[in-house]
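Q: Could you take me through one part of this model at close range? I'd like a connected account that I can follow with the structure open beside me.

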Amino acid sequence: MSEKIIDRRKVLLAAGLVAGGVLLDGGVAHGLARDSARRAGTPDEAWAKLREGNRRWAADASVHPHQDLARRAEVAQKQQPYAVVVSCIDSRVAPEIVFDLGVGDILTVRSAAQTIDPLVAGAIEYGPAELDTPLIVVLGHQRCGAVTAAADALKHGTKLPGHLQRIVDDLRPAYEQAHGDVDKMIRINTTNVVAELRSDKLLAPRIAARKLKVVGGYYSLDTGKVTRLA
Ligand SMILES: [Zn+2]
């Protein structure tokens, strides 16, 4: 967004003139409205947008799109997100930040080590089934604390308190496949979740009809880059 338009908005805000759709007459807002009038696009177009945003973030060149009053007004009545990002709860892996996006762009579903149970699966299915969202990204990440804790518990045969043991149980197959190597386990768990979603009863027909893709990614805490795993 140009300095000129930001300045214009500041002036309008100061004058109390920006309310509801008033700003939609502005050039940039008009462009955004046109953009959202299009459908959510193809799975590959959605993945390209996420990759572009992640490149900006990794290069310390984020533009923080869709985080202003005009965008809020634009999506207040209807949303058309183009991806579901399924990521860990980790405080360093916030999807809107690592893909440099704003409001109305993606649905985010987060659980420890992106583990899935029926409620989480329902949250993931919502986008494709109800909003025609064309892409699901399962995002594992470097030095995942949940995977590390689970590997530790499985290695020493200890039980974690409360509901934490459920996470450990869910990660056991990845632990066994990775022979205890934590980084391998993170990657294997991510591709296991991708496989689980690809065979999901509600999602599989959409994938077969090429309306939906499920991809897996690995986020590096060190570089900020997402690399594709599946
Ligand atoms: Zn994690």
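This is a predicted model: local features need pLDDT of at least 70, side-chain atom pairs count only at pLDDT 80 or more; totals for chains, interfaces and linings use all residues.

A: The zinc ion is held by three donor atoms: SG of C88, NE2 of H141 and SG of C144. These coordinate the zinc ion at 2.0 to 2.3 Å. Along the sequence, the donors follow the spacing C-x52-H-x2-C, with C88 at one end of the pattern and H141 and C144 at the other.

The chain has 230 residues, and 43% of them count as buried. Its secondary structure comprises 10 helices and five strands. Among contacts in the chain with a separation of 6 or more, 69% are between residues 24 or more positions apart.

One helix pair is also worth a look while you have the model open. Helix α8 covers residues 164-177 and helix α9 covers residues 182-198. Their axes lie 8 Å apart, and the two helices pack at an angle of about 125 degrees, which makes α8 oblique to α9. The crossing of α8 past α9 is right-handed. On the α8 side, the contact is made by L171, A174, Y175 and Q177, and these meet M185, I188, N189 and N192 of α9.

Technical notes. Residues are numbered from 1 along each chain as its sequence is written. Side-chain values use heavy atoms; hydrogens and water are left out. Axes are lines fitted to C-alpha atoms, for helices over the stretch in contact, and angles run from 0 to 180 degrees between N-to-C directions. Helices (H or I, at least four residues) and strands (E, at least two) are DSSP runs, numbered from the N terminus. Angles under 35 degrees count as roughly parallel, over 145 as roughly antiparallel, 65 to 115 as roughly perpendicular and the rest as oblique. A crossing is left-handed if the near helix is turned anticlockwise from the far one by less than a right angle, and right-handed if clockwise. Contact means heavy atoms within 4.5 Å. Donors are N, O and S atoms within 2.8 Å of the metal (3.2 Å for Na, K and Ca); water is not among the atoms, so sites may look incomplete. Buried means under 20% relative accessible area, exposed over 50%, partly exposed in between (1.4 Å probe, protein chains only).
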